[in-house]
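Please keep the sequence and the structure in view while reading.

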Amino acid sequence: MSERENILARIETVPSLPSVVIKLRQYLNEPDVNFDTLARMIEYDPGLTANVLQLSNSAYFGWSKSISTVKEAIVRLGTNRIFQMVLCMSVAPLVRKPIKGYDMDSEGLWRHSISTAICAELVAAELQLSCGGEAFTAGLLHDMGKIVLGTFVDIDDSPIKEVMLADKLAFNEAEQMVLGIDHAEVAAALLRAWNLPDHVAEAVRWHHQPSLAPENQRELADLVHVADILCLDFGFGGGADGLSYRLDRSASERLGLGVGVAEKVGAQVMIAVTELNSMFQTVREGEGNGVQHSSR
Amino acid sequence: MTQVVERPGQVLRSKRSICVDISDMKMTCNREDVLVTYSLGSCVGLTLYDPLAGIGAMIHCMLPMSKIDPEKARLKPYMFVDTGVAAMLHDMYQAGAKRQNLIAKVAGAGSPLGREETFRIGQRNYTILRKFLWKNNILIAKEDVGGTKARTLYLHMADGRTTVKSEGQEVEL
């Protein structure tokens, strides 16, 4: 079995996303969304319910009157924010761990993932992009391949760094050379195994080479690409790979993203990440709502 | 039975590490402190140290100019090179540091790969910082800037040394 085949086979050992995430996604895409039905889907999991209420009542939102039911949280925060909360809480137990193969501490990938999600959403809003609805999800999950490679496969990053420096390659190009696959392709395979939509998986697949993405899915790939690079630039999480990625200039040109908007968004991300981080500090990991070890 | 007696003068106190977050600045006159900032990508880290007054400070700026968002600059002045370094100098002078004694060292201002990098945030951070210090008659004594490395910057107050750690190696500036 080649190293590439071995890595793809290991995806099966990664815990699956809680079924509530997929159910919520599917339900929220229906034309008529009933808040009572949505609330019941969350309340089915007591741990998730407790965390949604705790987060909804955090100082970040600044409510004068506390929220006591999931339905009230949905009404006040909106379905989009509630889904983002559930998604973040579901992947947190996987992401908030040291990623040995990438020399990241327990907060490194988490900080990078949430900052990229926020950055992608803010850029999409600023430029009024049609793919904005998936910006947060694709941004949050874009580096999940690093968990597979760095934790489940336990890669040794030394030969990758050696090839990168010797051949002046980007980190993902060196991964491709040494392993026969890069973390972006691994992430896309994981997202497909998690039954997430194909266009999100494709955007993640091409987040380091957005010009190679299928034309009808390129905008989301462009968006995740620039959000990822900007967050690495600003030091929002990072590891052994540092800034060793290639910025595809045509991605920002296609999006119409200039330096002014990039800097303005960067300043907003900084404030939002600090606030979100303190909000999530209050939620302990894996209280019955995280990724589940199931036989897929 | 052996009795352990602690004499105040003999107790070795461990060094205290003070973390400077992104868009933050810290100043100290305690010789036991080590100021540290992590994850310098395109951001710039600046240390200023007055050996005579025994005052040191470190700032971690994200962006070059505050004019892109004056409201954010009001909330977080250290986010920007122009407002941040001005506030840092003001605080140091207030604390008793003298401009002619200040030793300035800079790290960061990296950038992703690609000759035609679009945003050039690292390069612009460095240019604005250099210009600002020059206008204030402060020359940069040492620097480790550019490239694709993420850096950690330290200022050791015991002796004023500034060190930079990247890719597992720590070197003195």
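Against which elements of chain A do the buried residues of α3(A) pack? They pack against α2 (19–28), α4 (46–56), α5 (70–77) and α6 (79–95) of chain A, where helices (H or I, at least four residues) and strands (E, at least two) are DSSP runs numbered from the N terminus, and where two residues are in contact if their C-beta atoms, placed from the backbone, lie within 7 Å.

This is a predicted model, in which local features need pLDDT of at least 70 and side-chain atom pairs count only at pLDDT 80 or more, while totals for chains, interfaces and linings use all residues. Residues are numbered from 1 along each chain as its sequence is written, chains are lettered from A, and ligands are numbered from 1, in the order in which they are written.

In helix α3 (residues 35–43) of chain A, the residues A:Leu38, A:Ala39 and A:Ile42 are buried; a residue is called buried if 20 or more other C-beta atoms lie within 10 Å of its own, exposed if 12 or fewer, and partly exposed in between, with C-beta atoms placed from the backbone. These three lie on the same side of α3(A) because they cover an arc of only 100° around the axis, the arc being that of the directions from the helix axis to the C-beta atoms. The other side of α3(A) carries A:Asp36, A:Thr37 and A:Arg40, which are exposed.

Helix α10 (residues 157–167) of chain A holds A:Ile160, a buried residue with 26 other C-beta atoms within 10 Å. Leaving aside residues up to four places away in sequence, A:Ile160 touches A:Ala174, A:Glu175 and A:Val178. Of these, A:Glu175 is 15 residues from A:Ile160 in sequence, and the C-alpha to C-alpha distance between A:Ile160 and A:Glu175 is 5.8 Å.

**The contact between the chains**

The contact takes 24 residues from chain A and 26 residues from chain B. On the side of chain A that touches chain B, α14 (218–233), α15 (249–255) and α16 (259–281) of chain A each supply at least two residues, and α16(A) gives the most, with 9 residues. By class, this side of chain A has 12 nonpolar, 7 polar and 5 charged residues; here Ala, Val, Leu, Ile, Met, Phe, Trp, Tyr, Cys and Pro count as nonpolar, Asp, Glu, Lys and Arg as charged, and the others, Gly among them, as polar.

Of the 173 residues in chain B, 47% are buried, and among its contacts between residues at least 6 apart in sequence, 63% join residues at least 24 apart.

In chain B, 5 strands form an open sheet of mixed pairing in the order β2-β5-β4-β6-β7, two strands being paired if DSSP finds at least two bridges between them. Because β2 and β7 (140–145) of chain B stand at the edges, each with a single partner strand, one side of each is left without a neighbour in the sheet. Neighbouring strands of this sheet are turned by 10° against each other on average, direction ignored; axes are lines fitted to C-alpha atoms, for helices over the stretch in contact, and angles run from 0 to 180 degrees between N-to-C directions.

Helix α2 (residues 81–95) of chain B packs on the sheet, touching β2, β4 and β5 (55–61) of chain B, and its direction makes about 170° with that of β5(B). Helix α3(B) lies across β4, β5, β6 and β7 of chain B, running at about 25° to β4(B).

| Strand pair | Bridges | Sense |
|---|---|---|
| β4(B) (44–50) and β6(B) | 6 bridges | antiparallel |
| β9(B) (161–166) and β10(B) (169–172) | 4 bridges | antiparallel |

The strands β9(B) and β10(B) form a hairpin with 2 residues between them, and B:Glu167 in the turn has a positive phi of about 50°.

**Positive phi in the loops of chain B**

B:Ser23, in the loop between β1 (16–19) and β2 (24–28) of chain B, has a positive phi of about 65° although it is not a glycine, and B:Ser23 is buried, with 24 other C-beta atoms within 10 Å. B:Arg120, in the loop between β6 (103–108) and α3 (121–135) of chain B, is likewise a residue other than glycine with a positive phi, near 50°, but B:Arg120 is partly exposed, with 15 other C-beta atoms within 10 Å.
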